[in-house]
Amino acid sequence: MSQENMSQNTEANEAATPTTGAFTLTKQDNGVAILSMDVPGESMNTLKAEFGDEISAMLDDIEQDNSIKGVVVISGKRNSFVAGADISMLAACKTAEDATTIAAGGQAVFDRIENMKATFVAAIHGPALGGGLELALACHYRVCTDAPSTQVGLPEVQLGLLPGSGGTQRLPRLIGIQQAMKMMLTGSPARAKQAKKYGIVDEVVPESVLLKVAEQFALKRKPEREAPQKGLMNKVLETTGPGRNMMFKKAREATFAKTKGNYPSPGYIIDVIETGINDGMKAGLKAEAEAFGKLVMTPESFQLRQIFFATTEMKKENGVEGVSPTKMKKVGVLGGGLMGGGIAFVTSTKAGVPVRIKDVRAEGIANAMKYSYDILNKKVKKRFIRNSEMQKQLALLTGTLDYSGYKDIDIVVEAVFEDLDLKQKMVADIEENCKETTIFASNTSSIPITQIAEKAARPENVIGLHYFSPVDKMPLAEVIAHDKTSDDVISSTVEFAKKQGKTPVVVKDGAGFYVNRILAPYMNEAANLILDGEPIEHIDKSLVKFGFPVGPVKLLDEVGIDVGTKIIPFLVEAFGERFTAPSAFDKVLSDGRKGKKNKKGFYDYEGKKPGKEVDESIYELLGLSPSSKLSEKEVAERCVLMMLNEAARCLDEGVIRNARDGDIGAIFGIGFPPFLGGPFRYMDTLGIKHVVARLNHYSTAVGDKFAPADVLVKMAESDKSFY
């Protein structure tokens, strides 16, 4: 809501109650008071426990003033309603009871709002998430804007928590148990139109009339809402005892199948909703506050909150401290393959910058354009965006077979084949056809940037910008500076990656950079286990149970066996024997197996369940008859220890700047289990002495490749940790 709109609406009204806090109450002649929230010094509103007294005083004032018929709760921030509760306050909780007290305090305030004599209306523009949506749910009506930034949701599960201020009780009663449970278990927000369709908001309006429409609702009587269940089947499931029992049982089964029991919060969410539905609101709120308290103290929530703090911190940092970035106004992408298409998509849709795609074939350009069209068209069909918005975004993409239109480009992202000569030729072409300041960013996954920049006239402009596939979904980007890359280029590239919606991690140049370097020994170990006779599905299941989204063998099929193994020679050349891959990979490749992309890999893509079952002929090819000798725990430990050991070496060699970057890189780049906090936090949890002892055990039992990194041995001796 713009300040201008607010002042227009309040011109003829009484003065606002003076306040130095986060809330201002403005009483108007029309019987509607405006309760505006604007947390000083913050870009977004967050709810803090210390606001309790201030809100209570405002509510006392409203209660004692009979001229107030309705209250509109609105944000004083231009771009958001309330982004949630301030989770940094949870760090001060010493016990589960401390955290339960915080939840109960929030519940009491929102209960009071719900039971006020005046009609309360939440006027939402921008995100209303977590505690922000819980505040809105306690109001009697909700009106939101149709802006693309407006979204409502309860994302607490992503922090290992549950909504603790009444959300688990109010949302199911408002929109039905199944839809509410889905929103809480996934943490996914709903856009304005979806929110209206689900019944979360009563009206969707343009931002210019938000306050006016909210005031009209504030002068209405409180609503008597109908039961939210639509359709006979939903009524049976949600309103009868047996139906509900079956629904909650199925929800638990589906949740456990997804989480493998690694995350406690989804189970608590289901329990607390069930308690409230079966035993009433009061019992539900008590159960919610207690469950919230228990979850705050779990190691899983601790690690997930650390990830949240780390990424928030990283958003505020420049690539090089004290060096401001240059804004990228026009972007070139070399290569119209899958990566090129994905890079062009995030640049045009997220960064909102024009992209010029160059390819040697017209089909390449067409494919890159189609990448964006397919994703946007799906959004139009689901009514997330309008057709006009899709056209606007597609209009930012143009293509060329030569370098026309490249004169004024600020950064060129190169996504051509992994061939050193070709990449060096691209550098020369860009230096010839672009301006002197144009940045050349290579999306190589294996070739050191120093080699790509070797023949450059302006090596200071050459940098690595390594994305992960699929580019539109994977949140990480590695920014790789070689020793001649200028500080300005580093800062500008980091800022550019952020604008594309990525979390960039700055890493030192070298074979495999960081993510692929720690992934390679993990994958190699999985291959060694296959050759030892361990069944492929046993290996993959063991690592999924450990917490990875997919197992290593399945991952190799997904990435492409040819692509996944391409980096190995670079690593062997740089770091020696410990990176040598089993010869099995050569046999698999010479049999024409590239994985999912050519429907021939370790898994079967032709049968009844494509990609779900192992292609048994792989064992014949490798001369194996599989039988499991190791437990799931041993399989996971062997693969993961190889990754941990390499991560420690990377930190010691300065490949990554700090343990935090290493953890975020592993979680966002290869799906290292978030609830374990990343490789470095996980080593701290296990204890460095324990990690070294296990590496020594396998070094004796399996081979030298498990020998612990020097840095770990020294840390164990002096009893140190990474954090």
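User: Lys473 first: buried or exposed?

Analyst: Lys473 counts as exposed because its relative accessibility is 63%. For the cut-offs, buried is under 20% relative accessible area, exposed is over 50%, and partly exposed is in between, using a 1.4 Å probe and protein chains only. Bear in mind that this is a predicted model, where local features need pLDDT of at least 70 and side-chain atom pairs count only at pLDDT 80 or more, while totals for chains, interfaces and linings use all residues. Residues are numbered from 1 along each chain as its sequence is written, and side-chain values use heavy atoms, with hydrogens and water left out.

User: Which residue does Lys473 meet in a salt bridge?

Analyst: Asp472, with 3.8 Å from N to O. A salt bridge here is a side-chain nitrogen of Lys or Arg within 4 Å of a carboxyl oxygen of Asp or Glu.

User: How many salt bridges are there in the whole structure?

Analyst: The search finds 45. One of them joins Asp65 and Lys27, whose closest N and O atoms are 3.0 Å apart. Asp65 is in the loop between helix H2 (52-64) and strand E3 (70-75) and Lys27 is in strand E1 (residues 23-27), so this pair ties together parts 38 residues apart in sequence. Helices (H or I, at least four residues) and strands (E, at least two) are DSSP runs, numbered from the N terminus.

User: Are those two ends buried or exposed?

Analyst: Asp65 counts as buried because its relative accessibility is 18%, and Lys27 counts as buried at 16%.

User: What does Arg252 pair with?

Analyst: Glu274, and the closest N and O atoms of that salt bridge are 2.7 Å apart. This pair links distant parts of the chain, 22 residues apart: Arg252 is in helix H10 (residues 241-259) and Glu274 is in helix H11 (residues 265-279). Arg252 is partly exposed, at 31% relative accessibility, whereas Glu274 is buried, at 17%.

User: And which residues form a network?

Analyst: Arg517, Arg578, Glu646, Arg649 and Glu653 are linked by salt bridges into a network.

User: OK, Ser542. Where is it?

Analyst: Ser542 sits in helix H21 (residues 536-546). It counts as buried because its relative accessibility is 2%. A polar atom of the Ser542 side chain lies 2.6 Å from the backbone oxygen of His538.

User: What follows H21?

Analyst: Gly547, which has a positive phi near 135°.

User: Which residues other than glycine have a positive phi?

Analyst: Among them are Phe513, with phi near 50°, and Lys599, at about 55°. Most residues other than glycine have a negative phi, and most peptide bonds are trans. Phe513 is in the loop between E17 and helix H20 (515-531) and counts as buried at 1% relative accessibility. Lys599 is in the loop between helix H25 (584-590) and strand E18 (603-604) and is partly exposed at 47%.

User: And where is there a cis peptide bond?

Analyst: From Ser469 to Pro470, with omega near -5°. Pro470 lies in the loop between strand E15 (462-467) and strand E16 (476-481).

Conventions
A polar contact is a pair of N or O atoms within 3.5 Å; within protein, one must be able to donate a hydrogen and the other to accept it, and residues adjacent in sequence count only if both atoms are side-chain atoms.
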